[in-house]
Amino acid sequence: MTNGDGGQTRREFLMRSARAAAAVAVTWAGGAWLWRRGRRTGQAPIAAGAVIPNFSVPSAGKRMAIVTGADRLKTVGRALEGVGGISAFIKKGDRVAIKVNAAFATPAMLSATTNPELAAELVRLCLAAGARSVAVLDNPINDAESCFALTGIGEAVRKAGAQVIMPREGLFRRVTLAGGRLIRDWPAFTEPLARADKLIGVTPLKHHSRSGASMTMKNFYGLLGGRRNRFHQDINGIIMELAQLVRPTFVVLDGTTAMMTNGPTGGSLADLKATNTMIVSTDPVAADAFGATVLGNRASDLPYIGRAAAAGAGIADFESLKPMRARV
């Protein structure tokens with residue numbers, strides 16, 4: 001991350017961080033105003049009755065690949081080969097949705113959000129496999145336009161041929177998890193999923209101050225609308241329920257540069273470590289169980305992993321999947 005002049009790199013980093021912080025402050029204030037305005041006027045009622053489809057591919061079964069290397073595009077390509085190739089999941093004419101983590105209006109170098117080039121590569125691979133369309137989405141914590149701009153995700157995936165779907169009025173529906181305790185009649189960003197045939201989740205590997213780690217299951221928290229911060233009181237419960245509610249085609253857990261401390265936002269390069277690991281799996285529980293080890297934990301250290309496995313959302317014993325391992 002140097003250009004031959006370490007001082008210049010540091011200055012660039014500080015300037016970018018300052019711009020990102022200013023954008024967060026402005027967009028947070030604007031978002032809060034809009035929320036209060038909606039409460040006063042009663043606008044934008046959320047329709048009920050949405051069902052999130054099961055996007056898994058039964059013929060693919062439970063597959064997992066773990067590839068080490070510093071080049072994201074090479075490692076994700078090799079990992080996809082290790083689970084059968086992109087064509088095992090994406091067919092001609094498929095409409096693909098990619099759920100990124102664009103939660104914060106911060107630069108990509110901080111690894112708090114999905115790496116833009118990784119997201120763009122997944123778009124290219126899906127289109128090359130014959131996908132009719134690719135839509136990239138998230139419901140960020142900060143203003144969506146600012147998040148997709150400052151993270152670089154918006155520009156990168158558009159250039160690769162995807163449409164970016166912002167979390168605007170009319171795209172949320174109320175959902176209920178059968179037997180769920182938390183996700184009951186709750187607004188979710190479901191309309192893009194209703195128009196999709198396949199769903200891919202792609203997210204960075206990072207520490208999280210409440211849940212211990214933010215990985216592939218936690219990524220789907222970004223589909224929830226409303227005052228979702230209330231779920232922080234039972235963070236393990238909400239991640240477990242999301243794992244039951246959202247069944248993706250496959251997930252990509254990017255541990256090329258992991259955020260080891262001060263997650264989920266980070267803010268300093270000192271929080272990061274080059275762990276050079278890419279995980280692709282059809283089982284988000286297994287992906288997260290391995291991801292925990294990259295952060296120096298055991299799967300049992302993160303209660304939501306065991307709870308999601310016990311609920312039937314996946315397998316915590318990732319070694320039982322006999323993951324393909326490779327180095328590039």
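Me: What makes helix H8 mostly covered in this predicted model?
Reply: The count of buried residues. In H8, residues 235-245, ten of eleven are buried. Buried requires under 20% relative accessible area.

Me: Which residues of H8 are buried?
Reply: The run Ile235, Asn236, Gly237, Ile238, Ile239, Met240, Glu241, Leu242 and Ala243 is among them, and Leu245 is buried too.

Me: What covers the buried residues of H8?
Reply: The cover includes strand S5 (173-175). Helices H7 (216-219) and H10 (303-310) also belong to it.

Me: Why is aspartate 185 called partly exposed?
Reply: Its relative accessible area is 44%. Buried means under 20% and exposed means over 50%. The 44% of aspartate 185 falls in between, so the residue is partly exposed.

Me: Where does aspartate 185 lie, and what is its phi?
Reply: Aspartate 185 sits in the loop between S5 and strand S6 (186-188). Its phi is near 55°, a positive value in a residue other than glycine. Most residues other than glycine have a negative phi.

Me: Why does asparagine 276 count as partly exposed?
Reply: Its relative accessibility is 26%. The buried class needs under 20%, the exposed class over 50%.

Me: How do you know that the peptide bond between glycine 263 and proline 264 is cis?
Reply: Look at omega: it is about 10° for this cis bond. Most peptide bonds are trans. Proline 264 lies in the loop between strand S9 (250-259) and strand S10 (272-281).

Notes. Residues numbered from 1 in each chain as written. Predicted model: local features only at pLDDT ≥ 70, side-chain atom pairs only at ≥ 80, totals over all residues. Heavy atoms only, no water. Buried < 20%, exposed > 50% of the residue type's maximum accessible area, 1.4 Å probe, protein only. Helix = DSSP H or I, 4+ residues; strand = E, 2+ residues; numbered from the N terminus. Contact = heavy atoms within 4.5 Å.
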